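Please consider the structure shown below together with its sequence. The report that follows is written for a reader who is new to structural description.

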Amino acid sequence: MKSHFNRHRIFLALFALTLILPFGIMAYKLIALDYAIAGLMPAVSYKVELSMQVHGHGDDVSISTYLPKSDSRQMITEEENSSGPFTFALDAGIENRQAAWNAEAVSGEHNIRYAFSVQADHLKFVIPPDLPIPAQADPGMAEYLKEEDGIQVSDPVIEATINTVLPDRNVPLLAALTGIHGFLQNRVENRNFSGYTDAVTALRLGEASCNGKSRAMVAMLRKLQVPARLVGGLILEQGSKRVGHQWAEAFINGHWVPFDALNNHFAELPSNYLTLYYGDLSLFKHTTNINFKYFFKITKRLVPKREAQEALGSSVLNIFNIYSVFERIGVSQNLVKIMLMIPIGALVTVVFRNVIGLETFGTFLPALIAAAARETGLMWGIIGFVLVIVVSALARKMLDWMHLLHSPKMAIMLTMVVVFMLTITVTGVRFGLFELAHVTLFPIAILAITAERFAIMETEQGIGKAAKITAATVVVIAACYTVMDSLFLQSMFLAFPELLLVVIALNMWLGKWIGIRLMEFIRFRKLIFRQGA
Amino acid sequence: MKNPFSMISNWISARGNSARVLGMNERNLHYIYVHNQRKHFRLADHKLVTKDILRKAGVPVPETYKVYGSFYELASLENDLSEYRDFVIKPAQGSGGDGIIVVAGRHGQDWTGVSGKRYSVFDFKKHISDIIFGVYSFDLNDQAVIEQRVVQNSWMSALSPLGLADIRVILCMEEPVMSMTRIPTKASNGKANLHQGAIGVGIDIESGLTVHAIHGDNPVSVHPDTGEALLGLEIPHWDKVIGASRAIARAVPLKYLGVDIALTEDGVVVLEINVRPGLQIQNANMRGLRAALLHGGGPDA
């Protein structure tokens with residue numbers, strides 16, 4: 001009895017320690033190290049998926065486009081190419097990053113997909129009001145002053161327009177820029193059409209879309225000896241779009257300063273502008289022997305802020321330093337984030353099993369499937385899971401007929417799960433269901449074991465019971481997904497991984513909890529809710 | 001709107017009642033884990049080990065005719081079986097009733113199962129090979145046991161004509177705390193499994209009288225297939241049922257267990273012991289197991 005009592009006291013002490021220690025470390029970080037909790041709040045990120053559809057007629061096909069580069073304003077991550085028979089090549093130039101997809105003898109329809117994530121900042125410049133227009137052009141900037149096909153610097157129309165906008169050319173640069181921008185904004189009408197307009201045509205017609213206005217701006221700036229260039233990019237908005245966007249940049253005081261005369265952004269660029277390339281170029285080039293279609297699918301998401309990770313500097317307690325070590329050896333922070341969320345998913349499953357009383361397949365399966373479903377999305381994750389389980393269980397019924405030993409039988413099950421998952425992936429890619437294609441990330445071994453258990457349960461206790469447990473598992477997967485997808489929790493656990501001790505403490509508490517499960521109130525309802533006693 | 005006082009009194013009574021019910025969490029943590037060491041689970045799961053211990057303790061078990069552990073022993077199978085008309089073939093470490101063949105009689109060179117199915121010597125050899133290979137037990141190897149077929153007495157046959165009924169007694173610290181008999185139905189396909197549709201009939205430990213019965217989720221008073229009355233019956237050989245249960249609890253190192261017993265013409269025979277007896281017995285008795293455990297020698301008594 002005494003040893004039991006001591007064990008109980010040690011347990012309580014351990015429990016208190018696992019509960020108090022992490023909050024202590026957290027408090028130290030927040031108070032002593034001045035860790036800003038506001039920095040942990042999520043930032044907006046966009047997932048951009050470029051889908052290109054190629055219909056070939058048996059000839060060699062080549063397609064190229066510009067892919068965004070990371071710079072001080074925008075960060076490009078999680079790039080992913082899926083191009084079937086097309087070989088993919090990247091040419092990382094100084095200014096632009098060009099991607100090319102090539103294939104020989106292409107016939108029929110093919111899909112090429114390139115996806116990436118963007119996190120960008122809002123950029124705003126303040127131009128000193130007395131900064132003069134450069135008297136002489138910088139010789140190194142000749143490229144940004146020259147005449148081009150669509151930017152007819154020496155055309156009399158440009159000269160004439162400048163004379164109208166700036167009767168007195170002896171003004172500071174800011175006044176000149178304000179004048180030109182204002183003229184293009186107010187006097188040249190916005191046209192929402194996607195065709196090509198050169199600088200002179202835009203000014204002559206008095207109406208233009210983004211590319212015409214930007215060319216006119218660049219042409220006028222170059223005429224004034226201010227280095228300027230065209231920028232091609234994309235305005236990031238949730239949904240699908242086919243059109244890119246163009247704006248202008250002027251080289252002022254050592255900075256490239258953006259101007260969008262179509263959407264009235266003067267010396268600033270909103271955080272949903274994605275830069276794809278510099279120069280008067282067209283976004284796509286392709287061999288003419290094909291039918292070519294493309295669109296961008298843009299999904300807005302919330303992600304942890306980049307700055308937050310640098311906040312703690314070189315302190316030993318700055319866990320982000322450790323994550324950057326992981327990143328150097330190829331383990332992305334995204335993966336670390338998912339790993340940190342798996343114990344939370346397991347805790348959710350424990351609550352469902354021991355407090356609510358839902359029977360699920362395995363303690364860890366729902367959390368692992370929920371983690372894998374981050375790539376597929378919840379709906380496709382669940383569809384993929386149920387498909388894999390049901391088809392594998394059917395296969396297992398056929399194996400039953402062979403009367404095999406357990407281990408070889410399980411090895412065959414595993415093989416079949418792998419084959420079936422690859423089939424789903426290939427089918428998904430074929431029909432453009434890329435979310436479904438991500439089922440390959442599912443934990444294969446656990447699915448094989450689950451399919452085996454599903455089949456045994458179906459044999460011993462009937463399809464009704466097996467279906468019921470599958471349904472309960474799906475419910476718990478959805479709950480795990482919802483909790484694990486919480487950006488707040490993700491940010492908190494990335495910044496304060498010591499909170500995992502709290503998860504252990506909660507499990508210690510649940511491990512000693514002997515209350516009646518919610519489902520048992522239903523099971524024993526006649527015993528519990530009868531009148532009298 | 002209900003009378004608030006009656007709502008409160010209902011709530012108080014539900015709270016009191018729920019304190020009498022044993023839930024899965026408390027069963028595992030305070031009864032199974034505390035009283036049964038993991039290393040002893042095997043003696044309940046391995047039927048030959050169980051029978052060996054019980055026989056030595058003087059508890060009646062089905063007689064073992066023959067055990068096959070390797071293939072060369074199968075050569076003599078036909079000869080070994082020649083003297084028996086009825087018997088049961090089962091894996092020593094099977095689970096969930098898988099891999100069991102109940103043989104009820106001979107038909108020329110062949111045998112017939114309880115369901116009327118015919119088996120040749122070749123069928124038996126193949127089935128026993130499967131058992132030895134471990135097809136029915138997750139182990140690599142198993143043994144096939146050929147043992148006496150348990151035939152229930154006429155009293156139980158009248159009550160349970162669709163299959164072998166068993167009596168489950170749950171014991172804690174060698175004291176019987178709750179009991180029921182499980183009666184196969186058409187719905188349960190002849191199996192004495194409550195989840196598959198067998199009837200559960202609660203039995204008062206002191207008197208051996210049947211007190212309450214459930215079929216699925218609902219209380220019943222007659223057998224749904226035969227119309228036989230189920231309540232107020234006195235179980236024959238009740239003293240032997242309780243005696244055998246106590247003897248088992250004394251013989252094994254498991255202090256919380258369920259024993260499954262069949263009634264025969266001579267008395268009782270023990271079918272199985274279970275380290276994790278289910279909780280549905282509470283519904284069959286319309287009585288909470290927690291109250292029974294605390295009343296009758298549980299850990300907190």
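## Basis of the model

This is a predicted model, in which local features need pLDDT of at least 70 and side-chain atom pairs count only at pLDDT 80 or more, while totals for chains, interfaces and linings use all residues. Residues are numbered from 1 along each chain as its sequence is written, and chains are lettered from A and ligands numbered from 1 in the order in which they are written.

## A sheet in chain A

Helices (H or I, at least four residues) and strands (E, at least two) are DSSP runs, numbered from the N terminus. Two strands pair if DSSP finds at least two bridges between them.

F251(A) stands opposite W256(A) in β11(A).

Helix α9 (residues 365-376) of chain A has 12 residues and reaches 16 Å from its first C-alpha to its last, close to the 16 Å expected at 1.5 Å a residue. The expected span is 1.5 Å times one less than the number of residues.

A residue is buried if 20 or more other C-beta atoms lie within 10 Å of its own, exposed if 12 or fewer, and partly exposed in between, with C-beta atoms placed from the backbone. By this rule, 10 of the 12 residues of α9(A) are buried, including L365(A), P366(A) and T376(A). Just after α9(A), G377(A) takes a positive phi of about 85 degrees.

## Nonpolar cores

A nonpolar core is a set of buried Ala, Val, Leu, Ile, Met, Phe, Trp, Tyr and Cys residues joined through C-beta atoms within 7 Å. The largest has 58 residues, and I248(B) and I261(B) have the most contacts inside it. Strand β12 (residues 256-263) of chain B gives the most to this core, with 6 residues. A second, separate core of 50 residues includes Y66(A) and W247(A).

## Contact between the chains

Two residues are in contact if their C-beta atoms, placed from the backbone, lie within 7 Å. On this basis, 23 residues of chain B are in contact with 21 residues of chain A. Helices α1 (4-18), α2 (24-35), α6 (121-133) and α9 (281-285) of chain B each supply at least two residues of the side that touches chain A.

## Hairpins in chain B

Strands β3(B) and β4(B) form a hairpin with 2 residues between them, and G108(B) in the turn has a positive phi of about 65 degrees. Strands β4(B) and β5(B) form a hairpin with 4 residues between them, where G116(B) in the turn has a positive phi of about 95 degrees.

Most residues other than glycine have a negative phi. E78(A), although not a glycine, has a positive phi of about 50 degrees; E78(A) lies in strand β2 (residues 74-82) of chain A. Phi of E174(B), also a residue other than glycine, is positive and near 70 degrees.
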